[in-house]
Amino acid sequence: MLRPKSLQQRMALFLLLPVAILLVGMGWFRFTYSRDNMLREWQEASALKLRRAAHQVDMRLSEPKLWMQMFGKTGGEPQAEAIQEWIVDQLNHMEGIENASLVRLDDARSASPQPPRPMPGMRGHMMFDRAGITRVNPPHLDAEAGHQTVSIISDLVNAANEKTARLEVTLRFDHLIEDALQYGWNGGETAYLIDDHGTVLVCSALGENRRLPLSESTTKAVLKAMEKTQFGSIMGHSGPDGEVVGFCRLAEAPWALVLTAKDTRILAPINRFRNIFFITGFLFIVFVLFLIRSVAGRTVASVREVSLAAQKVADGDYQVRLTSRSDDEVGQLIQSFNTMAAQLEERMRLKEAMDLAMQVQQNLLPVRPPRIDGLDIAGTCVYCDETGGDYYDFLRFSELGPEKIGFAVGDVAGHGISAALLMTTARAMIRTRILQPGSLARVANDVNRLLCHDTERTGDFMTLFLALLDTTRNELSWVRAGHAPGILYDWSTETFEELRGEGFALGFDSSTGLEEFRYDGWNSTKLLFIGTDGIWETENPQGEQFGMERLRTILRQGSRDSSLKMMETILTALQDFRQSGAQEDDITMVVVKSRERPRDHEEKVTDARATESPAG
């Protein structure tokens, strides 16, 4: 299969191929149409000439036959000898007739012909009842005359229907066909006079031919057509030696005039036109190829230059620029490429800045959870973009005391750089303020007032869930600033509690105060989960949300697993639920539980009950 590899080859192929097909199709249609018309015209002209030539032969045969018919009408008439003698005399004086004579059948058998003029003593013996022209003999060589002659014979029949004599008229064959074979035939045409069996009697060309110079199939077709119609034409086989045949049967003899011609001679003008047409078309295609090479070559060179420059850009060279030499589409392409290269360089710098920002933001998140006796802690943040507005932190400082640890989970409205900047600002403020004396409510309120100074012109804000766990008192305190409630699960009773509380988002209103809430029932059977809405608002391709119920099921089923494994289970479930869909929001979560496994606790309870049983 032809597969052009270059633009110039495709242009040449797709432009010239339809044109070439159109030219060849039109030329072939025109050639076929003209050829058929020329052949049809030749057939009509040859039929007319053959009919005229045949008429000439028929006329020269019909005149003596007319006199012979007159002779035959005298049969049975008394005193007709003088009329018969006069008719024979007239026949002998006609042009082209060699001899007209009466021949008795007994004399014919003895090869003693009757004299041309019957003697008076012989008249009684020449009486006959009727006569008829029975045949025209083919030409034969007359030895005495030295040329070919044709005999027309009329048998004389008596009252008993017996042949008694015959009237025979001998004509010169050259006189008979004198005009027929020279009747305006073209140089490429040959006329033949043939009998019913296809034997050539005479030919207009030099030389002696006894058979038609046609293929066997064409000869059979001509003879078969002559049986059905008086005149017509036959198309022989096609090719360099193709032949066209016209014929016309004579009315006065069992012969036919046949005209043959080579179709190449007949179609010579149209063949010359065909050759000129295709040569001209070929030269036209060569000229178009030259134009394509000269005109499209510059375009292809410009496109190749753009391609090489694009490869340099792909390799990291953003300084490459091209010079536009025209105002056409190629010039516009070069200008667009230069603009693209400049913008791509700018975007690559921005991408590098974004990567750096992502790296910085990732470094602000906890590298690993703190190790505290009796607690199993895990946390993660998965951004949907390079940077995001979600935030989590583990707050463990000496100022808080060794028995206390804080947890912070925040969600800045929006995504991208602006959300990341607000997140880092809030993180710094929280870390700075929590080192100062005061409750969690005072910490959150102070951070809110500071953030409002920065967000009053932008309208940005963030939600925050700030919690502090005292492992000595088993006390949990928290502030909820517009964030989703924390989830507290007790695996011993398989119950869920939500750490609720009133509070507005940070950076929204500096005049609003936030309250602190406490929970004093923390023990080894409790599990704390704090997350952002990117978890339960994850959607599948059908638009269904993950929801809180699926999250609680995972927490219930994974309560015996470690915090890290539970967190990985949640992320895998979200990925499976989302299927091929893209992550549309940041996902952040913190999981806190006791390091003591539930099974160990059950064993301790069982041992205690066993110890108390004897006393009971």
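Is Leu 283 buried or exposed? Leu 283 is exposed, at a relative accessible area of 52%, where exposed means over 50%, buried under 20% and partly exposed in between (1.4 Å probe, protein chains only). This comes from a predicted model, in which local features need pLDDT of at least 70, side-chain atom pairs count only at pLDDT 80 or more, and totals for chains, interfaces and linings use all residues. Residues are numbered from 1 along each chain as its sequence is written, and side-chain values use heavy atoms, with hydrogens and water left out.

Leu 283 sits in helix α7 (residues 268-314); helices (H or I, at least four residues) and strands (E, at least two) are DSSP runs, numbered from the N terminus. Together with Ile 279, Phe 282 and Val 286, Leu 283 makes up a nonpolar surface patch of about 400 Å² accessible area.

On the whole, the protein chain has 14 helices and 20 strands, and 41% of its 616 residues count as buried. In α2 (residues 81-92), the buried residues include Ile 87, Val 88 and Leu 91.

As for confidence, the mean pLDDT (the predictor's confidence in each residue, from 0 to 100) of the protein chain is 81, with 87% of residues reaching 70 or more. Strand β19 (residues 526-531) comes out highest at a mean of 96, and helix α14 (residues 598-615) lowest at 44. Residues 110-125 have pLDDT below 50, yet this stretch has 23 contacts beyond near neighbours in sequence, a contact being heavy atoms within 4.5 Å. Where pLDDT is low, the predicted coordinates should not be read in detail.

Note on methods: Patches are made of residues with over 30% relative accessible area and no salt bridge: like charges are joined within 9 Å, nonpolar side chains (Val, Leu, Ile, Met, Phe, Trp, Tyr) within 5 Å. Accessible areas come from the Shrake-Rupley method with a 1.4 Å probe; for residues, only the protein chains shown count as cover. A salt bridge is a side-chain nitrogen of Lys or Arg within 4 Å of a carboxyl oxygen of Asp or Glu.
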